[in-house]
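Student: Could you take me on a close look at one part of this model? I'd like one spot to start from, and then how the rest of the chain is laid out around that topic.

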Amino acid sequence: MSAAQVTLRGVTKIFPAAAGGEPVRALGPIDIEIRRGEFFAVVGPSGCGKSTLLELIAGLTAPTQGEIEFEGRPIKENVPDGVGVVFQEDACFTWLNVRENVEFGLRQKNIGPEEKARRATAVIDMMGLRDFARSYPAQLSGGMRQRVCIARTIVAEPRLILLDEPFGALDQQTRLLMGDEMLRLWRETGATIFLITHALDEAAMLADRIVVMSARPGKAIDLVETGWPRDRDSRIVERESFGAITSRLWKTLREESMKTMGRASSGA
Amino acid sequence: MNKVRLYQFAVIAGFILLLEALCLAGVIDKITMTPPHIIVRDFVRMILAGRYFGEIGKSLANVLLAFASAYVVGVVTGTILHGYKTARDILDPLFATYYAIPVFAFYPLFIVIFGLGDGPQVLIGFLLAVVAVIVTTLNGLDRVPLVLKKSARVNGLSPLQTALRITLPYCAPSLLTAAKLALAYAFIGVIGSEFIMARSGMGYEISYAYTNFDNATMYPLILLILLLSIAANSLLSHWEAVLLARRGQK
């Protein structure tokens, strides 16, 4: 359970200069190890390169310097087999119904139609979408649509699930419920989860370990172990240590956020 | 029938009744135009007698050929161009000024090259339609959210699979708009060419009837073209409305 599944060593991302501007150092150097089967969260001030970090691990973009490995193999601008991503934006395919959306996650897999249907049905049930299998995304609420995207990702049975602020567009109540769902999925699938979020309580509630990133260029400035049992849900917020974890996160993050705000005001 | 539909129907019916009245009162003389009810009567007679079916079939086949070739070439070209920014930047001024070029002016040249057969007519229809399809396809593809393209990569799709399974299905409403434009331009191109220099086809027959003051042929043929064009356009519009409704965009 504790072997490193993802390793980042000296990873830096510099975006080339736009016309007339200077190159933007978005991230790093950063070193992170994500253990197999853990729930790992990243928090950081706006614009610190959290999403860039996720895209690097997903193989959607290549690092300028450094190395990233997934299960011992380098990731280079190709999404490795066994990695699934859920984005913050609505990524439902509006022209397909819920079942077709979910089955899409299996299109590239070399499995027969019956097995595809069976796996899609199982995931649709697991995500509480059974009554909406024939509905189109336009007929669903924001939370339901995000469930469809999560279902499309987990149906392929990824060993690593990357979540880029997946509940960012949802209301607080739905966020808490979705958090519970994610914990349940995490336990049932046994996959590693890498969560990017700006919500400290969300990170503190869900994760085994939390990395706090600095203001741009994002670096890992703190690593917090929550010590939660694997069998947990949102009621964990009632524990005393939850407040202590959130306070520690906020203390570190507050200084970094002030830096970002200071930079913004001096630049204005 | 809702209110808007009722008013739309009333406007068209009112226009036809006005024409009827003007024709019957002699304000529009008989040589210029026959009253609408006579046009309808002649139209029904023409259809029942099967007159001009060969001409109609030939014109429609050419329209269909011009439409289908322009549509396929346009969508494929638009999709490829969308991936090559430099090529698109080079061609953009051509697309922007394309409809300032009088394609019909090249008709004599096409006849010299391709002869007096159907080739030049289909080519004119194709040339009129193809750029509208390319531009509409490009506009549709521009609106595909980045997150869908990322989803394609996460699902391991190749560029061709991404186009066929994600980006083109996403912009299906734009592609239907492109089809409507292409069909209209194909009709204009083919029927228009037949007017000018062809020896057969609906456009030629209308032109021939016009020269011979044969209103009993000319107006029913014009009515037929109108009905066919409107029917095809309505079908595509209906399909577009179904797609948009399913996506919650209407």
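Student: In which loop is the place of Glu165(A)?

Tutor: Happy to, and keep in mind that this is a predicted model. Glu165(A) sits in the loop between strand S7 (160-164) and H5 of chain A. Its backbone is worth a look: phi is near 40 degrees, a positive value in a residue other than glycine. Is Glu165(A) buried or partly exposed? It has 19 C-beta neighbours inside 10 Å, so it counts as partly exposed, because being buried takes 20 or more.

Now let's follow the strand on one side of that loop. S7 belongs to an open sheet of 6 strands in chain A, in the order S6-S7-S8-S3-S9-S10, with mixed pairing. Strand S6 (83-86) and S10 of chain A stand at the edges, each with a single partner strand, so one side of each has no neighbour in the sheet. From one strand to the next, the twist averages 15 degrees. S6(A) and S7(A) run parallel and are joined by 4 bridges. You can find one spot of that pairing by eye: Val83(A) stands opposite Leu160(A) in S7(A).

Helices pack on this sheet too. H1(A) touches strand S3 (39-43), S6, S7, strand S8 (192-196) and S9 of chain A, and its direction makes about 155 degrees with that of S7(A). Helix H4 (residues 142-154) of chain A touches S6 and S7 of chain A, with its direction at about 175 degrees to that of S6(A).

Strand S1 (residues 4-15) of chain A is joined to S2(A) by 8 bridges, and the two run antiparallel. Within that pairing, Val11(A) has Ile30(A) in S2(A) as its bridge partner.

A cis peptide bond joins Arg216(A) and Pro217(A), with omega about -5 degrees. Pro217(A) is in the loop between strand S9 (209-213) and strand S10 (220-225) of chain A, and S9 and S10 both belong to the sheet of 6 strands.

Let's step back to the whole chain. Chain A comes to 7 helices and 10 strands, and its C-alpha trace spans about 55 × 45 × 40 Å along its principal axes. A compact globule of 268 residues would have a radius of gyration near 18 Å, and chain A has 19 Å, which agrees. Buried residues make up 43% of the 268 residues in chain A. Take the contacts in chain A between residues at least 6 apart in sequence: 70% of them join residues at least 24 apart.

Finally, chain A has a partner. In chain B, 15 residues are in contact with 16 residues of chain A. Helix H7 (146-154) and helix H8 (159-170) of chain B are the elements that give two or more residues to that side of chain B, and H7(B) gives the most, with 6 residues. The residues on that side of chain B divide into 7 nonpolar, 4 polar and 4 charged. Tyr52(B) is in the loop between helix H2 (36-49) and helix H3 (53-82) of chain B, and it is buried, with 20 other C-beta atoms within 10 Å.

How values were computed: Residues numbered from 1 in each chain as written. Chains lettered and ligands numbered in written order. Predicted model: local features only at pLDDT ≥ 70, side-chain atom pairs only at ≥ 80, totals over all residues. Contact = placed C-beta atoms within 7 Å. Nonpolar A, V, L, I, M, F, W, Y, C, P; charged D, E, K, R; others polar. Pairing = 2+ DSSP bridges. Buried ≥ 20, exposed ≤ 12 C-beta atoms within 10 Å, placed from the backbone. Rg over C-alpha atoms; globule rule 2.2 N^0.38 Å. Axes fitted to C-alpha atoms, helices over the stretch in contact; angles between N-to-C directions.
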